[in-house]
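Reader: I'd like to go through this model term by term. Could you show it to me and back up the labels as we go?

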Amino acid sequence: MPENLPAPNEPALDESVITSLFPEEVVTRALVRDVELPGGVLGSGTMALITLDNGHDHTRPSTFGPAGLLSLRDALDSVAGRNDIAAVGVTGKPFIFAVGADLTGAALIRARDEALAIARLGHAVFRRFGELDVPSFAFVNGAALGGGLELALHCTYRTISSGVSAVAFPECFLGLLPGWGGTYLLPHLIGPAKALKLIVENPLSQNRMLRGPDAFSLGIADAMFEPADFLAESLRYASVVLRGDDPPQTPPAHGGAARPPVPPRAPLGGDKSPVSAGDWDAAVAAARFYADGKLHGAAPAPYRAIDLVAAARDRDRDQGFAAEDEGLADLLLSDELHAGLYAFDLTQKRAKRAAGAPDRSLARPVTKVGVVGAGLMAAQIALLFLRRLEVPVVLTDLDQARLDAGTGHVKAEIAKLASRGRISADAAARLTGLVSGSLTKDAFADADFVIEAVFEETSVKQQVFAEVEAVVRPDCVLATNTSSLSVTEMAAGLAHPERVVGFHFFNPVAMMPLVEVVRAAETDEAALATALAVGKALKKDCVLVKDSPAFVVNRLLTRFLGEVLACVDEGTAWDVAEHAPDPLGLPVPPFLLLQLVGPAVALHVGETLAAAYPDRFAVSPKLRALVEAGKTALYQPDFSVDESVVAILAGGERPSTADQVRERALEALAEEIRLMLDEGVVTAPEDIDLCMILGAGWPFHLGGITPYLDRTGIAEKVTGTRFRL
């Protein structure tokens, strides 16, 4: 073994020291019971079946902290010395197999020897499943994430329920790597290309999860059974495997499948991989290319994981696990992980209850929804309300052709869902019957919630609200999907301005998780509570914001993009400005963002903000020129550039370097965030970060943005203090 890869599991810290690192660990206990395996007159012997259970229901999934790992070790100790068992099995509590390491405790690790001890302890326990004197079986009955999936990989055989909704390695999404066997075992099981898709590509694609059938088709599991009798069928499978018979064949229509008989297995990675060096290297190169396209080197975890998979082909188990120990120890102390854990906590906790929200009991029931407008955005909103609330939804427009197109879009999308098996034919028929269109707003007379999605002009929206107020009940909530205009101004001429609220979706409506719920000057608590309850019913995460120009996400993106465009106006080459933010690892570069938003929309928002804050926001002359020339895109469908757009962006006598562009844009963000907090646009920096993560897709490794501005010193340089003390 190379000297730089010490043997895994060698003593590091005393167990009491390790467990003390996680003082609030919810311990997952490993509970052992004997199960007689079915099969024939004499059966196939006894299995020692370990059930992982933290004592809570599925809303608190089982995780592994030090005490949980030691409980699992003790369970293995109790069965390892027995000569009366034919196999060892492991499964989880209802709906959950195990979801990996205890992230709450991971954030408390401060020293490398502590991190290394946790890494080695995980390996020391998990690897025993592949090194017992009898075969081991993982019965994956529910969610298997991170360390949970790694535990299953250490077992000799794996079955999975067709009802499992989450199988994944989310570590690189958070700033870690699969460090308890994942980067070594998975490529040896299913090949490096498929393994790297799970380890790197899926986490960097909005943390994509696999379902049970996907995991089976990739070869992660040997057999798949339906949820209703999953454990019974898995035990029958184990019995057949132990006897060497043909595996049980559950009809695919019932969620079952199994591969042909498999010979006795050695632990994964014991033999040289059948994948050629060339194919292995090609898979690794493809993963690096993908990571570069997403991150440009901004976060270390995916690259460290790729390096480990690259080396796994020629390493034995001890070497592979030792390398994972070192990688995990380094990343557990990284700034990116701590930002990722902060972001994860925001999305899992703060996002579920908007800061400053009124009493939920004030919310009124919503049994019918009205949508003013029938364009694409309005149709997307109508479809979402229809699917989530399952109440009548009526769209209105002044033009019959537009109205037909809008309702037609909704119905076509419902039909697509049915054709793909996402909803039943009966559900599709019911939803289709709930959507309708009207040329008059009288159709809103019995609506409880009406949202407008018309042209972004204050006078137009004021007229719409006046017309709607004339026909709806006094307690009907009126919502606007404006992205930048004053909600207070829209409501000013109404008899009941207290029921008007901002309800700003992001595009595409079905995918983007954020809704900015805007409190106008006279919005009452009942309207706010109703809007927040509706947002929750739509399965959106809501952030409560004060009525101010462009609210949070668009205000910050406009300030950021405005500084980049100002550099181009001054003479910076467009491609220098385009790649200046690359070291941040943002989801899209500036000019591609401009293209996705639409130059005309960006100009409109820019004009709104420039009118409100002329000292900090200016309208880019070159952006205005693009709009006046009718240009909508720099990049053409083949991602070549439109030279006529490049010509408009050329010119200027004071070019900046990429570093200068990036520094200028980040300092502007720091200034704007401090001003927004001082104005009370949101209650805390956490809400700024939550908005940027959920509404703009800014990455976890930045923590949204304020943790990055703090740790780089930009916040203190610009504002005199850190955002998070």
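Reader: Which residue of strand 18 stands opposite Arg-519?

Author: That's Lys-546. Before we go on: this is a predicted model, with residues numbered from 1 along each chain as its sequence is written, and local features need pLDDT of at least 70, side-chain atom pairs 80 or more, while totals for chains, interfaces and linings use all residues. Side-chain values use heavy atoms, leaving out hydrogens and water.

Reader: What makes strand 17 and strand 18 a pair?

Author: Pairing takes at least two bridges found by DSSP, strands being DSSP E runs of at least two residues and helices H or I runs of at least four, numbered from the N terminus. Six bridges join strand 17 (residues 514-519) to strand 18, and the two run parallel.

Reader: What is the strand order in the sheet?

Author: It's an open sheet of eight strands, 13-12-11-14-15-16-17-18, with mixed pairing. Strand 13 (435-438) and strand 18 (541-546) each pair on one side only, which is what makes them the edge strands.

Reader: Why is Ala-354 called buried?

Author: Buried means under 20% relative accessible area (exposed is over 50%, partly exposed in between; 1.4 Å probe, protein chains only). Ala-354 has 11%, so it counts as buried. The residue lies in the loop between helix 14 (335-348) and strand 11 (369-372). Leaving aside residues up to four places away in sequence, Ala-354 touches Leu-532, Cys-542 and Leu-544, where contact means heavy atoms within 4.5 Å.

Reader: Why are helix 8 and helix 11 called roughly parallel?

Author: Their axes cross at roughly 20 degrees and come within 9 Å. Axes are lines fitted to C-alpha atoms, for helices over the stretch in contact, with angles from 0 to 180 degrees between N-to-C directions. Under 35 degrees is roughly parallel, over 145 roughly antiparallel, 65 to 115 roughly perpendicular and the rest oblique, so helix 8 is roughly parallel to helix 11. Among the residues making the contact are Leu-196 of helix 8 and Trp-280 of helix 11.

Reader: How do you know that the span of helix 12 is close to the expected one?

Author: The expected span is 1.5 Å times one less than the number of residues. For helix 12 (residues 300-312), with 13 residues, 18 Å is expected, and the helix reaches 18 Å from its first C-alpha to its last. Its buried residues include Tyr-303 and Leu-308.
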